[in-house]
Amino acid sequence: MREQPLKEVTQLIHAIKVGMVEGSYSITNKTLDIFKYIIMSKSWQNADALMQIVRAQCKILQAALPQETVTSNIARRILKLTREEFDLLHAKVQHFADDSQASLSLHKLVTQTSESNVSVDYSVPQQGLREALLDHLQEVETELETSSENICVQAEEHIHSSEIILTLGHSRSVESFLKRAIKKRQFLTIIVAECAPACRGHNLAASLAGEKNVEIVVIPDAAIFAMMSRVNKVIIGTHSVLANGGLRAACGAYTVALAAKHYSVPVIVLAPMYKLSPLHLCEQDAFNMVGCAEDVISYDSIPAREAKVYSPMFDYVPPELVTLFISNTGGHAPSYVYRLLTELYHPEDLEI
Amino acid sequence: MVLTSEQLLQTDAQILKTKHKKQRQRNRPRNKRNRLEDSNLTTPETSTTDSASAMPENQDAGATEKPRDQIMAEREAKKLAKQAKKQNKPSAPATPATPATKIITEVEQTTITTKLTTTTTTKAQEKANSLAPKTAPALLANGKEAETGEMSREMIKAEREVRKAAKKAGKGAGAKVEATTQQLAALKVGDKAPGTAKAALPITEEDHEKKKPVLSKAERRAVQEAQRAAKAQGQVKKGQPAGKAPSSAAPSKEAKRESVSPTKAATGSSSPSKCPASTPNGECRVKLFNHLVCAKADSQFINDPLVHPSIARLGVQYAKRTVVGSNARCIAFLHALRQVVHDFETPAKKEFGRSLDAAVKHHVDHLHKCRPLAVSVSNAYKQFKNQLTQLPSDVPETELKELLGHFIDTYIENQIGKAAQAISGFLQEKITDGDVLLTFACSSLIQFICEEAKRRQVAFRVIVVDSRPGCEGQEMLRRLHAYGIPCTYVLINAVGYVMAEATKVLLGAHALLANGYVMARTGTAQVALVANAHNVPVLVCCETHKFSERFQTDAIVYNELSDPNQLVRGDKCQLSNWKAKGKLMPLNLSYDITPPELVSAVVTEVAILPCTSVPVILRIKPDIGY
């Protein structure tokens, strides 16, 4: 049976497609609102029904916006929440005092997987599930709201005075992170690669230029390697973090990371938890999108008529080129990402 | 507009053909004047009699006290006449391909004008007559503003120019033209291109303000230089819209009008009396690059009377980046150098070789001021100097000049032409069916190799990687497209996206340093880096005349900074008026350094070598470095 999208979902898809809603944060926020609405609605009677609705809507979002992984990430979070709350209530009713709670110790996880063979029947209606879910959702919302701030707080831990930092394009997390660093540390030099063809790096540079005690240098993308020899740290944002610890980041990030590796410069990636996606992609064509080529070479120029012109949007950065992830919960090595994923999402929900 | 080395080579051949004719036909009077100028500089008190005896038929009664000025004025007027003729050129039947061709080498222009002088003088006169009613009011206004002395100077200039033209037009027609001289003298002033007339106007006004009865030499030179610069610029601009369409007089006029403003600015900002000392460079604001000077877009013309016009023009072309690329810059330099040698006159009681050496050094310094010399150019210059020291002493000057000219020709032919063929020969073995070559920006050598492979009917395609702000890859794309080679075009960000398809990476180079590092257009190192990560072989193509004995390990110690404003995209860009935004600085590096571990091999005309063999080549080819 083919599920019909909710009105809210179609609205969100439209808004994202026409560019009214931009940036991972606002997309995540809007998606969360939709799922909250679903939970509040009376259309489901038991946990199983709710999970089916969430899955169906998530699939629709995924199909419509294949590049926006945050929507599925949030859906997975909701599914996990539902399972947890159901288990908790179920356990309370049956054993009354299961000491394990829902704490995510390694021991619990090991036992849980062995237990899960004895599948829980989610179709049993459970009293108070809705309220418990809404409560928990509130936590997720606050986490989302404070994620940016939580990342910024760590700026001081990573940046010392008179450091030379290189960044690429324009990421909101990087912008606030650097602003924080500029306030706390003196004589920073920030090198911004402009990230052609959109040249969003110019916006970042202009926004940072208002601060004092900082020198901002805008370079064309070609000069990244030339400048890298003087750079102390590379700080970039990312579109999403993949299951292996690799990145799907703005086009050009691969070159930046490679150049940093060549000069042994640490690469710090700012990634709030909602950007972690349980995807295993390591091929360009698997996730890339090709943008408008007009910015690369104007359509009316003579060679453009015959030549193939590509303007890809993303780059895959393999985990070995990343030194550190900074999320709202602290720093993580790329090799630790799989563990974060198991904490965030239920193993059964990885494939929606 | 970018001059390719091939085009330059073509013109080279042209020049060779016309050279000997020209020598007899045209350059003798000019040489005399040159000598006059030189002797003037050394011994000003004897020059009066000298010049008087040199050209008695051109002497005016009132002008005897300032023959130098006259000569200058004459030359200037002649230049203007050339310009005027250039404007009228499309109507002349004797110019088959000239409007279409985009090459502007000084030599070609002179050949055209010499051809044209015989055919178009009468036409020019007609044009002048027809233009008369239009230009008369302007002329009158000019006349009113100017003092009478100023006016008479203009008249003398014009008269002189007309006589010159008449003389050239042919001995038979000479008498007839002589009759109309008076009439034309008035007209010719107005006949000047509107741009130059306007350019001249502010300057004369400026001089006028000073109320000097006789202009100082420096001022005159400044005027001359400014006009020359305006001319060069006008021609550069004229070349751009030329294309296939017949270049009518209208766009060229427009171009000239445009060209006026920088000239004005140049003459306005640096007062003419102290022009040679003025420096066009500004400090770079980025702390890391304080040691490098930043090129300005509106770099002022360094007014220097001792600089040969061909070198002055080349300097402007370097500064404006109309001649770019190692090979093109080298060829253009050698052409200009040949012109300098050709027009050189040994001062009295001086040795030819040494005085020429000094003169050439001065010219090279001038070029260096316009834009730091390319390694290829400085190598060529070293070779030339080396040649100068080895000149036989018991041979007449004309033969020495021929020797040097021959040396320059063989240098271009061997070091650039034949080297390209040899490199292409090596690489043809490497390019096979189904190959995907990835290249960065624009390289004349890579283009040559691709064309050669296409001629061999190899089924291959090319990925052109490009980068802002230069976007030279578009030029490459255009050239390869003209040869029907299938191309893919991406910006350097996306190089990781296309690298998987590529089977070989071919890169051009600006220079190969003695420690095996490759100096090339910014972005080259990045392409090599990504290619290395994908295990795609990186071949750097570089002729041995670009080898340098310098050592460098990063791109920051020595580099060239281009105009930072190129990074700004239009008015809507956030970077516009970056100067007002405190500590915000765009940085536009010209070159970067690729470490040898990223390069699989260097293809030279000698062999395919690893990067680290550069010192070996430098040793077995000692004439390169020393």
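Biologist: Is helix 11 of chain A mostly covered or mostly open?

Modeller: Helices (H or I, at least four residues) and strands (E, at least two) are DSSP runs, numbered from the N terminus. A residue is buried if 20 or more other C-beta atoms lie within 10 Å of its own, exposed if 12 or fewer, and partly exposed in between, with C-beta atoms placed from the backbone. Helix 11 (residues 253-262) of chain A is mostly covered, as nine of its ten residues are buried. Among them are A253(A), Y254(A), T255(A) and K261(A). After the helix comes S264(A), with a positive phi near 55°.

Biologist: On what kind of model and numbering does this rest?

Modeller: This is a predicted model, in which local features need pLDDT of at least 70 and side-chain atom pairs count only at pLDDT 80 or more, while totals for chains, interfaces and linings use all residues. Residues are numbered from 1 along each chain as its sequence is written, and chains are lettered from A and ligands numbered from 1 in the order in which they are written.

Biologist: Why does L188(A) count as buried?

Modeller: L188(A) counts as buried because it has 23 C-beta neighbours inside 10 Å. This residue lies in strand 2 (residues 188-193) of chain A. Two residues are in contact if their C-beta atoms, placed from the backbone, lie within 7 Å. Leaving aside neighbours within four places in sequence, L188(A) has contacts including I165(A), I182(A) and V214(A).

Biologist: Which residues have the most contacts inside the largest nonpolar core?

Modeller: In soluble globular proteins, nonpolar side chains tend to be buried together. A nonpolar core is a set of buried Ala, Val, Leu, Ile, Met, Phe, Trp, Tyr and Cys residues joined through C-beta atoms within 7 Å. The largest one here has 218 residues, and I216(A), V505(B) and V540(B) have the most contacts inside it. Helix 16 (residues 397-428) of chain B gives the most to this core, namely eleven residues. Not counting residues up to four places away in sequence, I216(A) touches residues of both chains, including I190(A), L208(A), L584(B) and M585(B).

Biologist: Into which domains is chain A divided?

Modeller: Domain bounds come from an automatic or database domain assignment. Chain A has domain 1 (7-149) and domain 2 (154-344), and their centres, taken over C-alpha atoms, are separated by 30 Å. The contact takes 16 residues from domain 1 and 15 residues from domain 2. On the side of domain 1 that touches domain 2, helix 4 of chain A gives the most, with six residues.
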